[in-house]
Amino acid sequence: MVASSMHLAKVADAKLAAKKQRALVAAGAGSDGADAAPAPAFRRADVHSKARGIARATMIMGALFQGVGVVARGIEAGHVPWSTMYEYTITGTWVAVMVFLIVQSRRDVSYLAPGVTGFATLGLGLAMTVLYNQSTGLMPALQSFWLVIHVSIAIIATGILTVGAIATALQLMRDYRDENIAAVPPRGMRRATVRWRNANVRMLKRWTWLEAVPAPARLEALAFRLHAVGFVLWTFTVMAGAVWAEHAWGRYWGWDPKEVWSFVIWVIYAAYLHARTTQGWAGRRSAVVALIGFVALIMNFTVVNLVFQGLHTYSGT
């Protein structure tokens with residue numbers, strides 16, 4: 001009887017060992033479990049972490065090299081490197097990247113990196129191919145310490161507003177995708193409309209990269225903070241420009257195209273902040289106003305400088 005009990009115990013242990021072996025094999029492990037492979041989710045997370053680290057290191061190196069280039073341009077020219085459109089562009093794109101890196105050091109905003117680096121790359125490409133010019137001395141109107149104060153504040157404000165505009169654009173894209181995917185089509189919709197809507201939803205579902213972007217509310221909060229800081233700096237830009245105009249031309253305001261557009265930009269961002277904080281224009285409406293302000297900012301740098309004739313004209317520089 002004792003022998004029979006020992007035999008039954010051995011059979012039970014063998015069955016338990018076989019069950020464990022099957023479980024290990026199903027999990028992709030070896031016979032001893034020492035070679036058990038990690039779950040695919042852990043492997044993906046590890047790969048994403050390494051890729052993010054490489055991207056961050058590459059971006060930091062790029063910012064360092066670009067900063068060296070900006071300093072070298074200033075040394076070659078013999079003055080601060082933002083007296084022409086070329087110099088303003090290389091400095092402004094570098095500031096935008098630095099603003100992103102500073103924000104990234106405080107919170108994870110890596111989802112903004114493609115937009116910031118894409119904008120910087122496009123700006124540098126245009127600077128080198130279209131706006132490049134040889135370094136020369138400053139014209140008499142620019143030989144003032146206000147060049148350092150006025151234009152440097154404008155560059156910093158532009159860099160901050162650029163990052164804010166990228167966050168706003170992502171907010172609108174994520175909001176549009178979420179709303180259209182989750183929307184239920186109303187009854188009685190025409191077949192052509194239904195087909196168009198279904199095709200639009202299928203296209204939006206392919207934008208899987210937007211799933212790595214935070215919810216629209218979080219993006220809006222981040223963009224609002226950036227726009228608020230940029231607006232304050234742009235206010236100082238307009239004020240410093242008026243003081244410099246009085247020193248250079250004997251008047252604070254002369255309805256020069258550059259002055260008018262700078263004030264228009266200030267009004268648009270002031271309207272955005274006012275509507276966002278007091279009128280409850282949260283969501284798409286305030287985001288659209290913020291993007292209109294950024295478009296006006298780009299036009300102020302390009303169209304106003306190259307097309308309109310005025311005391312701030314940069315044509316041919």
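Questions and answers on a predicted model follow.

Local features here need pLDDT of at least 70, side-chain atom pairs count only at pLDDT 80 or more, and totals for chains, interfaces and linings use all residues. Residues are numbered from 1 along each chain as its sequence is written, and side-chain values use heavy atoms, with hydrogens and water left out.

Me: What pattern does the protein follow, read along the sequence?
Reply: Helices (H or I, at least four residues) and strands (E, at least two) are DSSP runs, numbered from the N terminus. The protein has ten helices and zero strands. Its pattern is α-α-α-α-α-α-α-α-α-α.

Me: What share of the contacts with a separation of 6 or more is between residues 24 or more positions apart?
Reply: Contact means heavy atoms within 4.5 Å. Among contacts with a separation of 6 or more, residues 24 or more positions apart account for 77%.

Me: Are α3 and α4 roughly parallel or roughly antiparallel?
Reply: Axes are lines fitted to C-alpha atoms, for helices over the stretch in contact, and angles run from 0 to 180 degrees between N-to-C directions. The axes of α3 and α4 (residues 113-131) are 9 Å apart, at an angle of about 165 degrees. Angles under 35 degrees count as roughly parallel, over 145 as roughly antiparallel, 65 to 115 as roughly perpendicular and the rest as oblique. The pair is therefore roughly antiparallel.

Me: How many nonpolar residues has the contact of α3 with α4?
Reply: From α3 come Met85, Tyr86, Thr89, Ile90, Thr93, Ala96, Val97 and Phe100; from α4, Ala113, Val116, Ala120, Gly123, Leu124, Ala127, Met128 and Leu131. Ala, Val, Leu, Ile, Met, Phe, Trp, Tyr, Cys and Pro count as nonpolar, Asp, Glu, Lys and Arg as charged, and the others, Gly among them, as polar. No charged residues and three polar ones take part; the nonpolar count is 13.

Me: Is Phe100 buried or exposed?
Reply: Phe100 lies in helix α3. Beyond four places in sequence, Phe100 touches Met59, Val109, Ser110, Leu112, Ala113, Val116 and Val163. Buried means under 20% relative accessible area, exposed over 50%, partly exposed in between (1.4 Å probe, protein chains only). At a relative accessible area of 3%, Phe100 is buried.

Me: With which residue does the side chain of Ser83 make a polar contact?
Reply: Ser83 sits in the loop between α2 (40-77) and α3 (85-106). Ser83 is buried, at 7% relative accessibility. A polar contact is a pair of N or O atoms within 3.5 Å; within protein, one must be able to donate a hydrogen and the other to accept it, and residues adjacent in sequence count only if both atoms are side-chain atoms. At 2.8 Å, the side-chain partner is Glu87.

Me: Are α7 and α8 roughly parallel or roughly antiparallel?
Reply: The axes of α7 (residues 216-249) and α8 (residues 257-278) come within 10 Å and cross at roughly 150 degrees. That crossing makes the two helices roughly antiparallel.

Me: Is Trp255 buried or exposed?
Reply: Trp255 belongs to the loop between α7 and α8. Trp255 is not a glycine, yet has a positive phi of about 55 degrees. With a relative accessible area of 65%, Trp255 is exposed.

Me: How far apart in space are Phe263 and Trp234, C-alpha to C-alpha?
Reply: Phe263 is in helix α8. Phe263 is partly exposed, with a relative accessible area of 41%. Phe263 and Trp234 are 29 residues apart in sequence, and their C-alpha to C-alpha distance is 9.4 Å.
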